[in-house]
Amino acid sequence: MHTVAVLALDPVVAFDLSIPVETFGRARLPDRSAAYDVRVCSVSGEVSAGAFTLRTPWGLDGLADADTVVVPGQADVAVPVPAVALEALRTAAASGSRIASICVGAFALAEAGLLDGRRATTHWIGAAELARRHPLVDVDPDVLYVDDGRILTSAGAAAGLDLCLHMIRLDHGSAVAADSARLAVMPLERDGGQAQFIVHEPPAPDGASVQPLLCWLEDHLHLPLTLADIAGRAALSSRTLNRRFREQTGTTPLQWLHRARLRRAQHLLETTAHPVERIAEQVGFTSPTTFRDRFKRVVGTSPARYRQAFRGSAPDREPVVV
């Protein structure tokens, strides 16, 4: 059975800790047997979680033979990570364990040197500080999570759930992951990145919402839409549409459209046997070559390799950024 060790560092964010414990702990295979053995580990056996204190059944020895190690965030990233914990993380990574962080847990991975030269993310509030402390890390504050093969990082809070579901899908396929998502009352894939939460400007003064336009775009992904087409549908100038769209979604209409098309393509690759050329047409690409290039640039792998990976386990993959 796949073993997940969750390393709780003092003072742990209780919500971050609960995400991998509950998500992996409740995951079930098609025969309804447990998909994971989950261990909660700590340095001393006792961890502060703010309003309460936790006793953990495992020490750092629980990381030694774990297939996956998950590091939740610390409530105060100024608190130094014990040297023994950093060494345990390095040892686990060197032995081939998959290492993941939730929220500001990325600070511990960076302190251990595991993120040097890699793309990574964390809660947007801490992204600038992570980049300042660790200049060798390519910090992306806009995404929900980054999968860089054996090292994975997620943005704040609920993005950890996105990452855990992603790992379940890698390990056991889409059906098991979808079942886990339903149990968590969570979509298997969420639209957009954490950039949508960083934007602070208020919506347009007239209260106009782009939600009806988003629904229309979802229904017309197969059409070769231009910015002028979208602006015409919204009865706005292109400039006003871009401003309003960014205020309410954190991105531009065309960027949103491209991401929506690729998410639809991912779904079709996972759930149908349609050839790539047909899927490209179904999601609005006039050229299969252009589709393949954009898919690889955004998703981090080719459509064919993506289909192979998400129909089963794929240990050697190119980075995925969501």
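## Exercises on burial, contacts and helix packing

His-2 counts as buried, at 17% relative accessibility (buried means under 20% relative accessible area, exposed over 50%, partly exposed in between, with a 1.4 Å probe and protein chains only). This is a predicted model, in which local features need pLDDT of at least 70, side-chain atom pairs count only at pLDDT 80 or more, and totals for chains, interfaces and linings use all residues. Residues are numbered from 1 along each chain as its sequence is written, and side-chain values use heavy atoms, with hydrogens and water left out.

**Exercise 1.** Describe the surroundings of His-2.

*Solution.*
- Step 1: His-2 is found in strand S1, residues 2-7. Strands (E, at least two residues) and helices (H or I, at least four) are DSSP runs, numbered from the N terminus.
- Step 2: Leaving aside neighbours within four places in sequence, His-2 is in contact with Ala-35, Tyr-36, Asp-37, Asp-67, Thr-68, Arg-98 and Asp-171; contact means heavy atoms within 4.5 Å.
- Step 3: Ala-34 lies 32 residues from His-2 in sequence, and their C-alpha atoms are 9.6 Å apart.

**Exercise 2.** Classify Cys-164 and Cys-215 as buried, partly exposed or exposed, and state how many disulfides the structure holds.

*Solution.*
- Step 1: Cys-164 has a relative accessible area of 1%, so this residue is buried.
- Step 2: Cys-215 has 41% relative accessibility and therefore counts as partly exposed.
- Step 3: The structure holds 0 disulfides, a disulfide being a pair of cysteine sulfur atoms within 2.5 Å.

**Exercise 3.** Determine how helix H11 packs against H10 and against H13.

*Solution.*
- Step 1: H10 (residues 238-249) and H11 (residues 253-271) pack at about 60°, with axes 9 Å apart. Axes are lines fitted to C-alpha atoms, for helices over the stretch in contact, and angles run from 0 to 180 degrees between N-to-C directions.
- Step 2: H10 is therefore oblique to H11 (under 35 degrees is roughly parallel, over 145 roughly antiparallel, 65 to 115 roughly perpendicular and the rest oblique).
- Step 3: Leu-241, Asn-242, Phe-245 and Arg-246 of H10 make the contact with Pro-253, Gln-255 and Trp-256 of H11.
- Step 4: H11 and H13 (residues 288-299) pack at about 95°, with axes 11 Å apart. H11 is therefore roughly perpendicular to H13.
- Step 5: Among the residues that meet are Leu-262 and Leu-269 in H11 and Phe-291 and Phe-295 in H13.
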